[in-house]
Amino acid sequence: GADARVLSICFAVLFWVAGFDVLYALQDIEFDSREGLHSIPRFLGVGPSLWVARAFHLAMAGFLLVGYHVFGMGGWYLAGLALCVAVLGYEHAIVRKDDLSRLNVAFFNLNGVVSIAFCLFTYIDLLLRGRRVGARRALELAGRSVLDVNDDIIRWLGEQGVLLQAWTFTHSYPHCWRCHKPVIFRATDQ
């Protein structure tokens with residue numbers, strides 16, 4: 001079944017995207033007005049929209065902090081969260097009501113830094129805490145068909161506390177026209 005803890009990360013991403021989307025939409029206020037499009041910047045104006053974007057990014061940080069608690073993350077995760085908050089703070093500092101000239105830097109460059117930094121620090125946290133498929137475990141599964149190891153992998157990820165969700169998905173594999181068995185493609189040395 002679904003793990004409700006993942007909602008903290010989903011909401012964090014939702015508010016992160018909403019925050020930088022509001023910032024990016026600042027450059028389209030005139031177009032939105034002319035074309036009759038609805039956007040937060042068109043409705044509120046530049047100054048209040050900047051505050052909405054800040055509130056969205058603050059909510060993102062809050063949900064990532066909830067993720068820290070519900071997933072039992074460690075210090076590297078918190079360091080990554082702190083770095084992301086600092087970068088977002090800088091992003092909001094360089095985009096001002098009376099000067100939108102650095103909007104592209106804020107939107108493209110700094111949001112790229114946020115995504116990569118958060119992913120990297122989260123990975124380091126998980127790696128240093130031993131929450132990954134170790135070489136020994138991978139060797140135990142080596143050589144077995146993917147159809148045979150799915151349940152073992154799902155069970156092992158659940159035991160490690162890193163399985164977010166598992167469900168049955170009916171997928172139509174390509175089948176051999178002669179024997180009618182599923183065809184599983186494997187990389188081989190050529």
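**Helix packing and overall make-up**

Mentor: This is a predicted model, and in it α1 passes α6 in a left-handed crossing.

Trainee: How do the residues of the contact of α1 with α6 divide into nonpolar, polar and charged?

Mentor: On the side of α1, the contact involves W16, F20, L23 and Y24. These meet L103, N104, F107, F108, N111, V114 and S115 in α6. The division is eight nonpolar, three polar and no charged.

Trainee: At what angle do helix α1 and helix α6 pack, and how are they oriented to each other?

Mentor: Helix α1 covers residues 6-25 and helix α6 covers residues 103-128, and their axes are 9 Å apart. The angle between them is about 165 degrees. Angles over 145 degrees count as roughly antiparallel, and α1 and α6 are therefore roughly antiparallel to each other.

Trainee: How are α1 and α4 oriented to each other?

Mentor: Helix α4 spans residues 46-70, and its axis comes within 8 Å of that of α1. The two axes cross at roughly 160 degrees, and the crossing is left-handed. With the cut-off for this class at over 145 degrees, α1 and α4 are therefore roughly antiparallel to each other.

Trainee: How many residues of the contact of α1 with α4 are nonpolar, polar and charged?

Mentor: The residues in question belong to the contact of α1 with α4. They divide into 19 nonpolar, five polar and no charged.

Trainee: Is S33 buried, partly exposed or exposed?

Mentor: S33 lies in helix α2, which covers residues 29-35. Its relative accessible area is 39%. Buried means under 20% and exposed means over 50%, so S33 is partly exposed.

Trainee: How far apart in space are S33 and F43?

Mentor: In sequence, S33 and F43 are ten residues apart. From C-alpha to C-alpha, the distance in space is 9.1 Å.

Trainee: How many helices and strands does the chain have?

Mentor: From the N terminus on, the elements run α-α-α-α-α-α-α-α. The secondary structure therefore comes to eight helices and zero strands.

Trainee: What share of the residues of the chain counts as buried?

Mentor: The chain has 190 residues, and its accessible surface comes to about 12400 Å². Of that surface, 64% belongs to carbon and sulfur atoms. The share of residues that count as buried is 29%.

Trainee: Among contacts between residues at least 6 apart in sequence, what share joins residues at least 24 apart?

Mentor: The count takes in contacts in the chain between residues at least 6 apart in sequence. Of these, the share joining residues at least 24 apart is 65%.

How values were computed. Residues numbered from 1 in each chain as written. Predicted model: local features only at pLDDT ≥ 70, side-chain atom pairs only at ≥ 80, totals over all residues. Heavy atoms only, no water. Helix = DSSP H or I, 4+ residues; strand = E, 2+ residues; numbered from the N terminus. Buried < 20%, exposed > 50% of the residue type's maximum accessible area, 1.4 Å probe, protein only. Contact = heavy atoms within 4.5 Å. Areas by Shrake-Rupley, 256 points an atom, 1.4 Å probe, with all protein chains shown as cover. Axes fitted to C-alpha atoms, helices over the stretch in contact; angles between N-to-C directions. Parallel < 35°, antiparallel > 145°, perpendicular 65-115°, else oblique. Left-handed = near helix turned anticlockwise from the far one by under 90°. Nonpolar A, V, L, I, M, F, W, Y, C, P; charged D, E, K, R; others polar.
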